[in-house]
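Biologist: Hi, I'm new to this one. Could you walk me through it?

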Amino acid sequence: MTGSGPWWRDAVIYQVYPRSFADSGGDGIGDLPGVISRLPYLAGLGVDAIWLNPFYPSPQADAGYDVADHRDVDPLFGTLGDADALIAGAHAAGLKIIVDIVPNHTSSAHAWFRAALAGDAAARARYLFRPGNGDAPPNGWRSVFGGPAWTRVEDGSWYLHLFDSAQPDLDWTNPEVVAEFEDVLRFWLDRGVDGFRIDVAHGLRKDPAFPELPATLDPGVPVHIAQPGHPFWDRDEVHEIWRGWRRVVDAYPGDRTMVAEAWVLDFARLGRYLAADELHTAFNFAFLVAPWDARAFRTAIDDTLAGLAPVGAPATWVLSNHDVIRHATRYGGGVTGQARARAAALLMLALPGGVYLYQGEELGLEEVTDIPDALRQDPNFLRTNGAERGRDGCRVPIPWSGSAPPFGFSPDPSAGTPWLPQPQSWAELTVEAQQSDPDSMLTLYRAALEIRRDRLGEGELEWLSEPGDPVLCFRRTPGDLICVVNMGDEPAEVDPRATPLITSAPIGADGLLPPGAAAWFAD
Ligand code: GLC
């Protein structure tokens, strides 16, 4: 970080998926003491902060995104004391901590929903129960995970769940819901967290008339992504909620921050979440979904910078997370995918603003595609009877050491096996195997992060390549760095006199940068 502004404007934030990061207890599921034990690794990698996916009490119908109690830790992951120790330990290691808040829905095991089902009118009014049309649900909305978005209860009425039936949606027009979540924020702010990642930040307010989806929606757009005129994504009313949250967060000392998970690809719309009195940053999913193509990346970068400048929010950049196919696989997999993933890391880390890394990308992990159906746990897989493979393949526990599973993820010999099976081929990708290998992905990430920390933060990007050129080339100021990324099929000429600061693949004696490679030069 070189900026003088608040830390979150140009931070590198590492996403820890707790159940797959480090298992201290030996039950095959990662936990908070496991994260604590690996803080030296994260500090050594050179990131600024960690974001933890939900670790709250939960039946785990959606890997913890079905929260039953927002103010505690699931015994699977540890105790509230462990959470406190993790916050303190991270701070002692110089790392900020961001926790996940899931406000769109609760678990069906949450005390509120249980009370609602037991007939408590006040509790029922916190959710979206509606009468059906005869025996049919109130409307034809579909769950993001597949199947209907409504489930019928004993008295014949239906409740809305945009995700799993174990994740009933809250009614955000109810002031009790608003007050409860503001209090949950205070609970974690009081414990010292530095910020929140807000789940489904574009989905909390629904059209009160619950109309059918309009025919104007493009059926080619994935179901979780906002479109104009949508009855539940990116509605204007949602911004009231974020203004309230901002007031809560701003009342605390230090630079606490909020990042929106809002699948809103139009930057003019996304920018509205980042007004000065709303959220600080948002994940850049337009960048994440760009295919390996110079035009697509250039457009995503230009749209980001142009779209966010008017609201004064910093850009963020992200290639992978726990919901998408790992990018080494998306970019072609195998040798090609690895080369491109290395180049993509240099591209992303050279861009102005903040960066999100997903655990394991620094090891070059690919999507695991051969998980047996019987072991798959994603509700997306279960609710579509396997028609959609779901997200388990990017959630496999990461390999730390050794030559056989559990690769140091669980204590060895382990009492249990990792909750999803690790490929034997990961023996070559463990942290241990990569840490002293000068050519490894881990070494590339460490080195690039170090250069980035010294030279780059927010600032300007000036294109040196032409639009349509398969080689992206831009200058960064301040930092005086030139980044070249060859997304074409032919080797690309780079200035033969220049000595690179770092490359993702060697530049040939002929001065040519291979296809699928990137390099940074001092300007
Ligand atoms: C977000 C989470 C995802 C979860 C969903 C429902 O998209 O990232 O993992 O399944 O919300 O909470």
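Predicted model: local features only at pLDDT ≥ 70, side-chain atom pairs only at ≥ 80, totals over all residues.

Biologist: OK, how many helices and strands does the protein chain have?

Modeller: The protein chain has 15 helices and 18 strands; these are DSSP runs (H or I, at least four residues, for helices; E, at least two, for strands), numbered from the N terminus.

Biologist: And what share of the 523 residues is buried?

Modeller: Buried residues come to 58%. Buried means under 20% relative accessible area, exposed over 50%, partly exposed in between, with a 1.4 Å probe and protein chains only.

Biologist: Let's zoom in on H7. Which of its residues are buried?

Modeller: Helix H7 runs over residues 238-250, and its buried residues are Val238, His239, Ile241, Trp242, Gly244, Trp245, Arg246, Val248 and Val249.

Biologist: What covers them?

Modeller: The cover includes strands S3 (96-101), S7 (195-198) and S8 (257-260), plus helices H6 (175-190) and H8 (267-272).

Biologist: Switching topic: how many aromatic pairs are there?

Modeller: There are 32 aromatic pairs. Rings of Phe, Tyr and Trp (its six-membered ring) pair if their centres lie within 6.5 Å; planes under 30 degrees apart are stacked, over 60 edge-to-face, and the rest tilted.

Biologist: Why is the pair of Trp263 and Phe285 called stacked?

Modeller: Because the ring centres of Trp263 and Phe285 are 3.7 Å apart and their planes are at 0°. Trp263 is in the loop between S8 and H8, while Phe285 is in helix H9 (residues 285-288), 22 residues apart. Trp263 is buried at 6% relative accessible area, and Phe285 is buried too, at 2%.

Biologist: What about Trp463 and Phe474, stacked or edge-to-face?

Modeller: Edge-to-face, because their planes are at 80°, with the centres 5.6 Å apart. Trp463 lies in strand S12 (residues 460-463) and Phe474 in strand S13 (residues 471-477), so the pair ties together parts eleven residues apart in sequence.

Biologist: Back to Trp263: which residues form an aromatic cluster with it?

Modeller: Trp51, Phe283, Phe285 and Tyr356 form one aromatic cluster with Trp263.

Methods:
Residues numbered from 1 in each chain as written. Heavy atoms only, no water. Expected span 1.5 Å × (residues − 1). Contact = heavy atoms within 4.5 Å.
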